Amino acid sequence: MMKNNKRTLITALLAASFAFAMPLSAFAQKKIVLGFSQIGAESEWRTANTNSMKTAAAAAGIDLKFSDAQQKQENQIKALRSFIAQKVDVIALTPVVESGWDTVLKEIKDAKIPLILVDRSVDSKDTSLYATHIGFDFVEEGRMAGRWLVEKAKSMKGDINVVELQGTVGSAPAIDRKKGFEEAIKAEPRIKIIRSQTGDFTRAKGKEVMEAFLKAEGKKINVLYAHNDDMGIGAIQAIEEAGLKPAKDILVISVDGVKGAFEAMIAGKLNVSVECSPLLGPLVMSTAKDIVAGKSVPKDIQGKDGVYPMETAAKEFPNRKY
Ligand code: GYE
């Protein structure tokens with residue numbers, strides 16, 4: 001009798017553990033679906049960032065639904081609503097501009113889909129609208145660019161006139177890189193920003209706006225500060241076409257640290273690039289997995305920054321991954 005009871009108990013336990021194990025293993029095998037609203041393909045940085053996201057998703061076994069917004073916030077909002085309708089597991093958003101997200105972010109929250117902000121951030125007061133922001137301190141990047149110039153100014157005479165190529169109007173990196181640079185150059189009153197305009201983070205626009213700067217100010221310009229390398233590289237062409245020497249007649253400072261910038265530094269045409277690594281993919285994927293697994297993640301995760309002056313470019317070039 002005792003024996004029989006024991007056997008029944010063991011059989012019941014076995015059956016129960018199978019019943020639990022089956023759906024658990026089925027769950028473990030279910031791929032995480034991640035909807036990613038990317039800005040577009042405005043720069044070398046952005047292309048490297050998209051590649052990093054796609055490669056890392058594949059390596060992590062995450063099903064990435066990629067949407068390119070062609071620089072338009074309205075396209076991003078549409079993509080986000082479609083991710084909600086598809087009931088994706090996690091949403092990643094790189095917001096083209098800082099403002100105007102509260103309504104759609106609230107919709108994501110109401111749908112109980114965790115949101116990861118990637119690279120750029122939003123100005124929403126309610127930080128419960130997103131799980132985390134994986135990005136950079138753009139203000140500090142601007143400061144690094146400014147500090148480089150303040151140091152350089154020690155070997156320069158007279159007024160130092162700067163023209164500035166801003167990134168996309170209303171975007172976090174444009175607002176913050178301007179702010180940080182202005183803050184740092186206060187240390188040297190001879191440094192003055194004489195013109196500042198957007199070049200939309202693209203080479204073509206950077207060149208076009210630099211041509212206009214040169215037309216208006218000519219030889220008065222001592223320094224160009226571009227919020228990204230692409231605009232800096234476009235502007236270098238404009239400087240050369242105007243018969244001037246970039247990095248000599250006009251110092252050139254830009255941000256990103258992309259391959260094109262390293263090539264320009266090695267060619268002696270760009271003085272310094274502040275690094276802002278676009279290779280965020282692996283961090284985004286591991287964070288998405290942690291969130292789905294119910295682990296708590298930090299509210300702000302920092303990517304890699306640094307300063308690369310032209311003198312270090314040739315030595316660093318073989319180590320560059322983007
Ligand atoms: O610097 C620029 C890109 O948001 C940090 O966007 C990014 C910026 C990057 O277009 O090249």
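Student: How many residues of the shell around the ligand are charged?

Tutor: The model is predicted, with pLDDT of at least 70 needed for local features and 80 or more for side-chain atom pairs, while totals for chains, interfaces and linings use all residues. Numbering runs from 1 along each chain as its sequence is written, and side-chain values use heavy atoms, without hydrogens or water. Around the ligand are 13 residues (a heavy atom within 4 Å). Five are nonpolar and two polar, and the charged ones (Asp, Glu, Lys, Arg) number six.

Student: Which side chain has an N or O atom 2.4 Å from an oxygen atom of the ligand?

Tutor: D119 places a polar side-chain atom 2.9 Å from a ligand oxygen, and for S43 the distance is 3.1 Å. The 2.4 Å distance belongs to E42.

Student: How much of the ligand's accessible area does the protein cover?

Tutor: On its own the ligand has 300 Å² (Shrake-Rupley, 1.4 Å probe). The protein covers 100%.

Student: Which helices each supply at least two shell residues?

Tutor: Domain 1 (31-136 + 278-304) and domain 2 (138-277 + 309-319) each give at least three. The helices (DSSP H or I runs, at least four residues) are α2 (44-60) and α6 (172-185).

Notes: A polar contact is a pair of N or O atoms within 3.5 Å; within protein, one must be able to donate a hydrogen and the other to accept it, and residues adjacent in sequence count only if both atoms are side-chain atoms. Domain bounds come from an automatic or database domain assignment.
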